[in-house]
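Here's a quick briefing to go with the chain you're about to look at. Have the viewer open as you read.

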Amino acid sequence: MSVTTQAIQSFQRIDNARHRTLIGALVKKLHEYINEVQLTEAEWLQAIQFLTKTGQLCHEQRQEYILLSDVLGISMLVDEINHQKSEAQTPSTVFGPFFIENMPLRQFADSIVVEGGQHRPLLIKGNIRNIQGEAIANAYIDIWQTANNGMYSGQDTEQQIDNLRGVFVSQDDGAYAVKSMLPVSYQIPSDGTVGQLLNYAKRSFWRPAHIHFKIVAEGYQPLVTHLFLENDKYLQNDAVFGVKDRLIVSHVSKQADVQSQALYGLDCDYDLIEYDFILSGV
Ligand SMILES: [Fe+2]
């Protein structure tokens, strides 16, 4: 009996049928791959060392494996398989490696800029709705983005951990509003194993400017997505393949008025992004 057959059969006593399928198919495909490329011992060792180093780079605020999954296109493939059930819902995209849990709960129209100095405000507002167009109240909207230096808090030790992060809750009519500043295009981390891989492949490290959202509401499928800024020069060449046309938004320049002051606390010129997020039922 071949080693491949023996290895596959050795996992057949796993009780959980789905797990049995996952591990069996994984062993089968890995063996096929190794046969196809006729892997040498040196290459095998190099792969082990690469994966070991990738794991060693991971800690609470850095996830090199998610980054690896992203640049291999695996994150977007998993996303495609799991979340594209209806055209009516807001498209999802990669989660990315920079999410941090338990960020501060903020009020309607609060600013997530904790350390931005003087900056031009950005107002992001809209509604959380379901496919039928009904408002979704009490949706938790986690938001995170880079600072002007292209880095996220957690990645950049100079930033307070809650800078440009926060959790908002949609109002009774589904409305949400967040004050922030425009995000910038940035390069994904190049100092780890993923960086070595991209350099070796002569690939770009750039991601187009975007803001991350994770929206969770009772009775609905969680939505993990970004909003990308239109006209960014990296929209066609995202290092992690995450761009979808329906997630590209324009920002318009606005002058403060009585209404912006009263509703959003904006008394100077600002940029505005309006976007409704549509969630799908469970
Ligand atoms: Fe990002």
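Predicted model: local features only at pLDDT ≥ 70, side-chain atom pairs only at ≥ 80, totals over all residues.

Residues are numbered from 1 along each chain as its sequence is written, and side-chain values use heavy atoms, with hydrogens and water left out.

**Domains**
- The chain is assigned domain 1 (3–39) and domain 2 (74–279), with bounds from an automatic or database domain assignment.
- Taken over C-alpha atoms, the centres of domain 1 and domain 2 sit 39 Å apart.

**Surface patch**
- Leu26, Leu30, Tyr33, Ile34 and Val37 make up a nonpolar surface patch (residues with over 30% relative accessible area and no salt bridge; nonpolar side chains joined within 5 Å, like charges within 9 Å; a salt bridge puts a Lys or Arg side-chain nitrogen within 4 Å of an Asp or Glu carboxyl oxygen).
- Together they have about 450 Å² of accessible area (Shrake-Rupley, 1.4 Å probe, only the protein chains shown counting as cover).
- Leu30 belongs to helix α2 (residues 17–37) (helices are DSSP runs of H or I, at least four residues; strands are runs of E, at least two).
- Leu30 counts as partly exposed because its relative accessibility is 43% (buried is under 20%, exposed over 50%, partly exposed in between).

**Strand β1**
- In β1 (residues 122–130), 7 of the 9 residues are buried, so the strand is largely enclosed by the rest of the structure.
- β1 runs antiparallel to β4 (residues 175–180), with 6 bridges (pairing takes at least two DSSP bridges).
- β1 also pairs in parallel with β11 (residues 270–274) over 4 bridges.
- Ile124 has Val178 as its bridge partner in β4 and Ile273 in β11.

Technical notes:
Buried < 20%, exposed > 50% of the residue type's maximum accessible area, 1.4 Å probe, protein only.
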